[in-house]
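Please examine the sequence and the structure shown below before reading on.

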Amino acid sequence: MASSLNIKNGLLSTKNSLQIKIPFSICIKRPTEIKCIRAITNYSVQHNEKHCIDIVRKRDYEGFVCSLLLPDAARHSALALRAFNVELAQIKDSVSQKTIGLMRMQFWKSAVEDVYRDDPPAQPVSAELWRAVRKHTLTKRWMLRMISERLNVIHCHHADRSGVKNVHADHAASHIGKAQGILTCLRATPYNSSRRKVYLPMDICMLHGASQEDFLRGSKDQNVRDVVYDIASQAHVHLEHARSFSKNVPNAAIPAFLQTVVLEDYLHRVRKVDFDVFHPSLQKRNPMLPIQLYLQSWKKTY
């Protein structure tokens, strides 16, 4: 007569006490984990994390350094969100046809929907997003807004991951996101100009009599510098607004807002070259930035 079987705590036991260890993946019972077994088996957690780290370090180095200063519990999720942002940012630069770009954007919209259905695509960034959402209960509408606004809301996610629910932190995050969006556009001007594209506000360009052609040829004329000055000033105003909430922002949210160090560093360097956005020094990394970030985190201010 066959021995009776019993499964308990991942062990298969027979009547005569023979025990056989069962791999965890065979014992999965929760519905959400059953749906996600495809992502778990196709891409190991280590592979997914490494993929996100690699693309953020390569395409968003300053964001990568800022993420290293976050608490351990939030760091992997921060890198997942930054990797997601990098994927979105690459769409307009890596496709030559608008239709293809829209298709890739739709893929990420669908991926976000699937993440919140606990059935992410078998893709490293999607799998890490799923882990971040489950760990920090991030709101889906913010994730979808990242697709349309990208940088403007990433700091709100950082605050969420730190467990911070504070209206002052939300306002600060909003202004930091706007400042980063403005400066990202400004910093990308030399690269975009080399591709015969200009994404700067045309109303400001017209105000100073600067044409798209001026930027395409990398002009250093005063009217071009004036455009850069106005745009940089807008970013500075948002930074000042963000800092006006600092006394009411919980300390737990401070690491999420250290991107202000990066933004202030660029503003300082562009002022130093008299707002010549094409100056070669602006295309180089600041080797002191990691130290500046660490000191700022030690002071618990942004």
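Trp108 is buried, with a relative accessible area of 3%; buried means under 20% relative accessible area, exposed over 50%, and partly exposed in between (1.4 Å probe, protein chains only). Phe107, by contrast, is partly exposed at 37%. The model is a predicted one, in which local features need pLDDT of at least 70 and side-chain atom pairs count only at pLDDT 80 or more, while totals for chains, interfaces and linings use all residues. Residues are numbered from 1 along each chain as its sequence is written, and side-chain values use heavy atoms, with hydrogens and water left out.

**Aromatic rings**

A pair of aromatic rings is described by the distance of the centres and the angle of the planes. Rings of Phe, Tyr and Trp (its six-membered ring) pair if their centres lie within 6.5 Å; planes under 30 degrees apart count as stacked, over 60 as edge-to-face and the rest as tilted. The count by this rule is five aromatic pairs. One of them joins Phe107 and Trp108 in an edge-to-face arrangement, with 5.1 Å from centre to centre and 75° between the planes. Together with Phe84, Phe107 and Trp108 form one aromatic cluster.

**Salt bridges**

A salt bridge is a side-chain nitrogen of Lys or Arg within 4 Å of a carboxyl oxygen of Asp or Glu. By this rule there are 18 salt bridges, including those tabulated here.

| Salt bridge | N to O distance |
|---|---|
| Arg217 and Asp221 | 3.7 Å |
| Arg243 and Glu264 | 2.8 Å |
| Glu264 and Arg271 | 3.8 Å |

Which residues are linked in a network of salt bridges? The network consists of Glu240, Arg243, Glu264 and Arg271. Within it, Arg243 is partly exposed, with a relative accessible area of 25%, and Arg271 is also partly exposed, at 40%. Asp221, the partner of Arg217, is likewise partly exposed, with a relative accessible area of 40%.
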